[in-house]
Amino acid sequence: MQLAQIDLNLLKLMLILLEEGSVSRAAYQLNLTQSAVSKQLTKLREQVGGELKDPLFIKAGTGLKATAKAQAMEQPLREWIRLYCQMMVPSQFDPKEDEREFKISIAENAFPVVVPSFMQSLTQAAPKVKLNIAKTHSKSIQLVEQSQLDLLIIARDTDSRAGFPWNINHLPDLPKVALFEDENVCLVRNNHPILESTWNLENFLTLSRIKISVEEQTRWLLDEVLLAQGNESTDLAVVADFHSAALLTQHSDMSMICTSAFANQLCERYQLKMLPMPFHLAPARYFMLWPETQQTNPAHIWLREFIQQKCLEHVTINPPESLN
């Protein structure tokens, strides 16, 4: 078969199906409907599978199972896509005229801190560039490794006591840059009885805590530290995002934990009081990661350096003062 007879986008679909083993999950990654992906899968079988006399994927329960032939093609496909991305990098980038779209994933606790620092300036410097921004999830790093995300902004703990995947040393070997560091703080409602008491570890442990699901996980550094001390906090609620936790904190005697820059913004929006942690936790560090395939892309270099510089200029960390 001649190369011109193959829709090269189908090869990208094949790689995603090999990674996900599901039409629905592939549709999610590609921002398409399941019906559209099913139609592309049919074309893939016709154009590639027909030539190879192999169905490539067979049904397995609610998902798909790759045939031996398809599995053998995974690594060559990955290398082909990497080389293709390198070949198609323009030699120059004019931010005033460029109209490309960048896919970015930003952690919820980083979004209101990082994005306002650069968004207005970006629209002026690159008025035609579009950002497609999504929340992070458990496979965000994998999407960067697969060159399906242009940038990923997430937080990781500098504290050596942090369990997997939260320590900075657990990050994969991807190009990255640190944007800023921030301390964890505790939030309670404005008129909480604890505010009339001495703020210490003993009183902190009397507070029930709202856990927030981050990248589909709820256990993090604080849990490891309390366990090592022989202590534990009472967890009465688990929520999917920080704003839900803040609203629940405002209307209950429960507490929540997050980094101070984001906490400052939550206190402005909700009736909350910010307290320092009553024991030492090393700060969280916010990173920007990108695919190896974009390392030398002039447009990509320009965007990440722009974001990094604006964070240096505008991100201000104001940790809370001690009550005592």
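A salt bridge is a side-chain nitrogen of Lys or Arg within 4 Å of a carboxyl oxygen of Asp or Glu. With that in hand, let us look at this structure. It is a predicted model, in which local features need pLDDT of at least 70 and side-chain atom pairs count only at pLDDT 80 or more, while totals for chains, interfaces and linings use all residues. Residues are numbered from 1 along each chain as its sequence is written, and side-chain values use heavy atoms, leaving out hydrogens and water.

**Charged pairs**

Side chains of opposite charge can pair when their charged atoms come close.

| Pair | Closest N and O atoms |
|---|---|
| Arg161 and Asp159 | 2.8 Å |
| Lys130 and Glu101 | 3.5 Å |
| Arg209 and Asp235 | 3.7 Å |

Arg209 lies in strand S8 and Asp235 in strand S9 (residues 234-239), so this pair ties together parts that are 26 residues apart in sequence. Strands (E, at least two residues) and helices (H or I, at least four) are DSSP runs, numbered from the N terminus.

Are these side chains buried or exposed? Buried means under 20% relative accessible area, exposed over 50%, and partly exposed in between (1.4 Å probe, protein chains only). Arg209 counts as buried at 3%, whereas Asp235 is partly exposed at 33%.

**An enclosed space**

Rolling a probe the size of a water molecule over the atoms shows where empty space is left. On a 1 Å grid over the protein atoms alone, a cavity is a set of points where a 1.4 Å probe fits but cannot get out, and its lining residues have an atom within 4 Å of a point. A volume is the space filled by probe spheres set on the points, which are joined across faces, edges and corners.

How many cavities of 30 Å³ or more does a search of the whole structure find? The search finds one, and about 380 Å³ of space lies in the largest cavity. Its lining has 22 residues, with Asn109, Asn184, Val214, Trp220 and Phe242 nearest the centre. Strand S8 gives the most to this lining, with four residues.

How values were computed: 1 Å grid on protein atoms, 1.4 Å probe; cavity = no way out; pocket = protein on both sides within 12 Å on 5 of 7 lines; lining within 4 Å.
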